[in-house]
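Please look over the briefing below alongside the sequence and the model. It goes topic by topic.

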Amino acid sequence: MEKTKVAIIGLGTVGSGVARILLDHGDRTGRHAGRTLWLEKAVVRDLAKARDCDLPAGVLTDNVDDVINDPEITLVAQLVGGLEPARTIMLRLLEAGKDIVTANKALLAEHGPELFDRARELGRSIAFEAAVAGGIPIITNISQCLSANQITSLHGILNGTSNYILCKMHEEGGGDYAAAVADAQRLGYAEADPTMDVDGSDAAQKLAILAHLAFGARLNWRDIPRVGIDKVDPVDIQYAKQMGYHVRLLAIADLKDRGLDCEVTPALVKAGSPLGEVNGPFNAVLVKGDAVGPLFFHGQGAGQMPTASAVAADLIDSAAGRTAITFRTLELWSDAVKGVDQADFADSTGRRYVRLMVDDHPGVLAGVTKAFGDEGISIASVLQKEPLAGEDVVPLVVMTHAASEAAIDKACATIAAMKSCRSEPVKMWVRD
Ligand code: NAP
Ligand code: HSE
């Protein structure tokens, strides 16, 4: 069988999983690629660090030029995270004639147009299945299997770290947030800097990539309104639980007449619904196409082997020549793709959970319901807890019927200005 010589740049959580697949399952990868995927080099920063894979002698190096200057290495898994030096390494690999597979969504969300233009100019390809939702093959499904559809909506749980932490908070009634973040790091789910996971940035970067594939939208991920789980108060997870909901970090893109509604935000999702039952580091994507209807994808969105599974499949497709065809025809991030613009967020509508901390005095509830009524917002239910001993402040949870973001914001501003309101209202979408 002919050989494709492959290199891996970055032998951390994902890279060492990819090395294990290439080294332990050559029969499997060879059968699907029609040629042997031969691991020639693996590049790291620190040669002395212990690795989660056993490499043959001569494979490990700390010099990326060993790959760039070897013309026999034609395919590279670029698995260094962050923007630099990952961007420079990618550009140098392309210039040196290599096809690339990457899992680095931060890099694609930030420098996708530059990297894809350069790859096209040089006749090379970039594959990135692992960049969104880890082991779930959502990139291939949207860009190839669903290509006969106009996608009309895409709702995802796209950050495994956030979902893992939210589940711990749900089960443990608050739990220890810092310990949960540390667990996610130890288990290999979190980014090198977990701030990007918990503040919603990672999910927004992935949503920007999916929105480009599904709707042709060219979004700057920073323009996607986003709230992370670092803003979620454990008390709201408990109230949601009592009402039959789970709090999940949703990445939402809905195609409307006025444009694409996009947002990353914690939301109440009905327990027992597909998205409400996504647990631990799992991810999910609910996609609706005009021909196919709703489809639900569910699987491990972070972690070593699920992510390595997606990277290795991209290596196989690239070696077999399949990636080059889709890369050429899709023209991603090129001016040829004319997509939809982002809609004005203030016009987004839906049901809301609003939690207030108010004085336990006569007339307060009436004032609150009037504030909602004045903005044309209909209240679905109100939950008031007894005050704790010695306190006269009570939590008041209001579930609304569908209303616009602008109307909810006005009602909340009116309530926040009341003397009886003791803290900023907390609001989240309710997704039944
Ligand atoms: P990681 O464990 O931190 O590994 C990064 C690797 O890159 C390390 O082996 C590091 O070398 C190497 N590296 C860093 N700078 C380098 C340089 N200048 N030259 C050569 N090697 C360098 O990260 P990871 O979790 O595997 O993630 C890799 C990428 O996959 C990231 O873009 C991440 O966002 C993405 N991703 C991760 C997951 C996941 O579940 N972990 C899932 C999907 C996508 P040393 O080991 O010597 O320090
Ligand atoms: N840090 C990411 C997550 C890895 O937790 O989902 C997968 O992209």
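## Domains

In this predicted model, 23 residues of domain 2 are in contact with 16 residues of domain 3. Contact means heavy atoms within 4.5 Å. The model is predicted, with local features needing pLDDT of at least 70 and side-chain atom pairs counting only at pLDDT 80 or more, while totals for chains, interfaces and linings use all residues. Residues are numbered from 1 along each chain as its sequence is written, chains are lettered from A and ligands numbered from 1 in the order in which they are written, and side-chain values use heavy atoms, with hydrogens and water left out.

- The assignment for the protein chain gives domain 1 (3-134 + 306-330), domain 2 (151-300) and domain 3 (345-431).
- Those bounds come from an automatic or database domain assignment.
- The centres of domain 2 and domain 3, taken over C-alpha atoms, are 24 Å apart.

**Ligand 1**

- The shell around ligand 1 holds 24 residues, and Asp46, Lys49, Arg51, Glu191 and Gly303 come nearest. A residue is near a molecule or strand if one of its heavy atoms lies within 4 Å of it.
- A side-chain N or O atom of lysine 49 is 2.8 Å from an oxygen atom of ligand 1.
- Leucine 11 places a backbone N or O atom 3.0 Å from an oxygen atom of ligand 1.
- Threonine 13 also has a backbone N or O atom 3.0 Å from an oxygen atom of ligand 1.
- Ligand 1 exposes 900 Å² when taken alone, and the protein buries 86% of that. Accessible areas come from the Shrake-Rupley method with a 1.4 Å probe; for residues, only the protein chains shown count as cover.
- The shell around ligand 1 divides into 10 nonpolar, 8 polar and 6 charged residues. Here Ala, Val, Leu, Ile, Met, Phe, Trp, Tyr, Cys and Pro count as nonpolar, Asp, Glu, Lys and Arg as charged, and the others, Gly among them, as polar.

**Ligand 2**

- Around ligand 2 there are 13 residues, of which Lys105, Gly160, Thr161, Tyr189 and Glu191 come nearest.
- Tyrosine 189 has a backbone N or O atom 2.7 Å from a nitrogen atom of ligand 2.
- Glutamate 191 has a polar side-chain atom 2.7 Å from a nitrogen atom of ligand 2.
- Lysine 206 has a polar side-chain atom 2.8 Å from an oxygen atom of ligand 2.
- On its own, ligand 2 has 260 Å² of accessible area, and the protein covers 93% of it.
- Two or more residues of the shell around ligand 2 come from each of α7 (160-172) and α10 (201-215). Helices (H or I, at least four residues) and strands (E, at least two) are DSSP runs, numbered from the N terminus.
- The shell around ligand 2 divides into 4 nonpolar, 4 polar and 5 charged residues.

**Buried positions**

- Asparagine 163 is found in helix α7. Its relative accessible area is 1%, so asparagine 163 is buried. Buried means under 20% relative accessible area, exposed over 50%, and partly exposed in between (1.4 Å probe, protein chains only).
- Beyond its neighbours within four places in sequence, asparagine 163 is in contact with Ile157, Arg248, Val278, Asn279, Gly280 and Phe282.
- Valine 247 lies in strand β8 (residues 245-256). Valine 247 is buried, at 2% relative accessible area.
- Leaving aside neighbours within four places in sequence, the contacts of valine 247 include Leu166, Asp236, Pro266 and Met428.
- The C-alpha atoms of valine 247 and methionine 428 are separated by 9.1 Å, although these residues are 181 residues apart along the chain.
- Helix α6 (residues 138-145) has the buried residues Ile138, Ile139, Asn141, Ile142 and Ser143. They pack against β7 (151-157), α10, β10 (282-289), β11 (293-300) and α13.

**Backbone geometry**

- The peptide bond from glutamate 84 to proline 85 is cis, with omega near 10°. Proline 85 lies in the loop between β4 (73-78) and α4 (86-95).
- Glutamate 331, a residue other than glycine, has a positive phi, near 50°. Glutamate 331 sits in the loop between α13 (322-330) and β12 (349-359), and is partly exposed at 34% relative accessibility.
- Tryptophan 333, in the loop between α13 and β12, has a positive phi near 55°. Tryptophan 333 counts as buried, at 8% relative accessibility.

Notes: A polar contact is a pair of N or O atoms within 3.5 Å; within protein, one must be able to donate a hydrogen and the other to accept it, and residues adjacent in sequence count only if both atoms are side-chain atoms.
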